[in-house]
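This report looks at pockets and ligand surroundings. The structure comes first.

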Amino acid sequence: MKVTVVGAGAVGASCAEYIALKNFASEVVILDIKEGYAEGKAMDLMQTASLNNFDTKIIGSTADYSKTANSTVCVITSGIPRKPGMTREELIGINAGIVKDVSSNLIKHSPNTIIIVVSNPMDTMAYLVHKTTSIPRERIIGMGGALDSARFKYRLAEALEAPISDIDGMVIGQHSDKGMIPLTRMATRNSLPVSNFLTADRLQQVAEDTKVGGATLTGLLGTSAWYAPGAAVSSMVQAIVCDQKKMFPCSTFLKGEYNLNDISIGVPVILGKDGIEKIVEIELTDAEKAKMKESAAAIAKTNGLLAL
Ligand code: NAD
């Protein structure tokens, strides 16, 4: 099965590398507008194949969408990343034009593809793809919650001084510092609620550290992160290509679920060969519902900046 990754930058290349390392796709096409850049990344990655034991063929393309034809999944990472001090929402001006153009080119060559949107502000970019293409909502998936949940688990493991493999937890809501909702109430350490081990204050600190996870890395790196974003996307691509029916929180276009309409926001879904195969509605507390409402209002405000 063929997977296309648009944007050969930090996140796109990391995503292509993890897909190849996991060895489940026959072909990965990386496409970028910068002349020769995707070809260079593809060649460099292919030269790791004999060292890392994968058979996935990686091909680079400078803006030639015919090479992406008949992709099962297309990942959109093209666009500018945050610099220290910036919010994801500030990227909308440039990235909206890029995402609109890229998604329409992808669909021309792969009308049945499943699109994973990564470019920020991600919830609004996923919404834009819904509003400007005719593909069904099951096939437009925003990546944010998978990454934010991985960061949540990292912070929980740190606080618990436990291995990450013992930890489970999920982040829903907007992919933004203020709008994301780490579900601390439901997080577990080997099936026991983490509140058995951590004080309410420490748990609150874990939630706050999770929410600024991206900003913390942007401050350290001078640009936004790529390893964990690339790994998160590759896990979602694998769930679809291998029809795994795995659950991830993904930005999903809602039609009444969670009492929300006409918005893409992070909620748990089952990913399989048809894309979003089920939206999982979990019972939220009143406080969590209120946070979800606030988060949705913030996304709707950013969506209002789109020239639709
Ligand atoms: P980057 O600058 O390293 O790479 C972006 C690439 O996109 C560049 O190589 C650029 O040439 C290419 N590009 C720009 N316009 C294009 C077009 N029209 N067609 C094809 N390629 C084009 O940036 P990055 O660090 O890889 O981040 C990419 C995007 O992903 C940013 O918007 C960033 O904010 C976002 N991001 C999202 C998440 C998430 O969880 N959703 C996580 C990390 C980064």
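In this predicted model, α10 (286–303) gives the largest share of the lining of the second largest pocket, 6 residues. β9 (180–182) and α7 (200–211) also supply at least two residues each. The lining holds 26 residues in total, and those nearest the centre are Asp177, Lys178, Gly179, Met180 and Lys211. By class, 11 are charged, 9 polar and 6 nonpolar. The volume is about 540 Å³.

The largest pocket has a volume of about 830 Å³. Its lining counts 40 residues, with Thr77, Ser78, Gly79, Ile80 and Pro81 closest to the centre. Elements giving two or more residues are α1, β2 (27–32), α4, α6 (145–160) and α8 (213–221). The largest share, 5 residues, is from α4. The lining divides into 19 nonpolar, 15 polar and 6 charged residues.

The ligand takes up the space of the largest pocket. Two elements give two or more residues to the shell around the ligand: α1 (10–22) and α4 (92–109). Here too α4 has the largest share, with 3 residues. The shell has 28 residues, and Ala10, Val11, Asp32, Ile80 and Met143 are the closest. It splits into 16 nonpolar, 10 polar and 2 charged residues.

Which atoms pair with ligand oxygen atoms?

| Residue | Protein atom | Distance to a ligand oxygen atom |
|---|---|---|
| Ala10 | backbone N or O | 2.9 Å |
| Val11 | polar backbone atom | 2.8 Å |
| His175 | side-chain N or O | 3.0 Å |

Taken alone, the ligand exposes 870 Å², and the protein buries 89% of that.

Key
Residues are numbered from 1 along each chain as its sequence is written. This is a predicted model: local features need pLDDT of at least 70, side-chain atom pairs count only at pLDDT 80 or more; totals for chains, interfaces and linings use all residues. Side-chain values use heavy atoms; hydrogens and water are left out. A residue is near a molecule or strand if one of its heavy atoms lies within 4 Å of it. A polar contact is a pair of N or O atoms within 3.5 Å; within protein, one must be able to donate a hydrogen and the other to accept it, and residues adjacent in sequence count only if both atoms are side-chain atoms. Accessible areas come from the Shrake-Rupley method with a 1.4 Å probe; for residues, only the protein chains shown count as cover. On a 1 Å grid over the protein atoms alone, a cavity is a set of points where a 1.4 Å probe fits but cannot get out, and a pocket is an open set with protein on both sides within 12 Å along at least five of seven lines; lining residues have an atom within 4 Å of a point. A molecule sits in a cavity or pocket if more than half of its atoms lie within 2 Å of its grid points. Helices (H or I, at least four residues) and strands (E, at least two) are DSSP runs, numbered from the N terminus. Ala, Val, Leu, Ile, Met, Phe, Trp, Tyr, Cys and Pro count as nonpolar, Asp, Glu, Lys and Arg as charged, and the others, Gly among them, as polar. Grid points are joined across faces, edges and corners, and a volume is the space filled by probe spheres set on the points.
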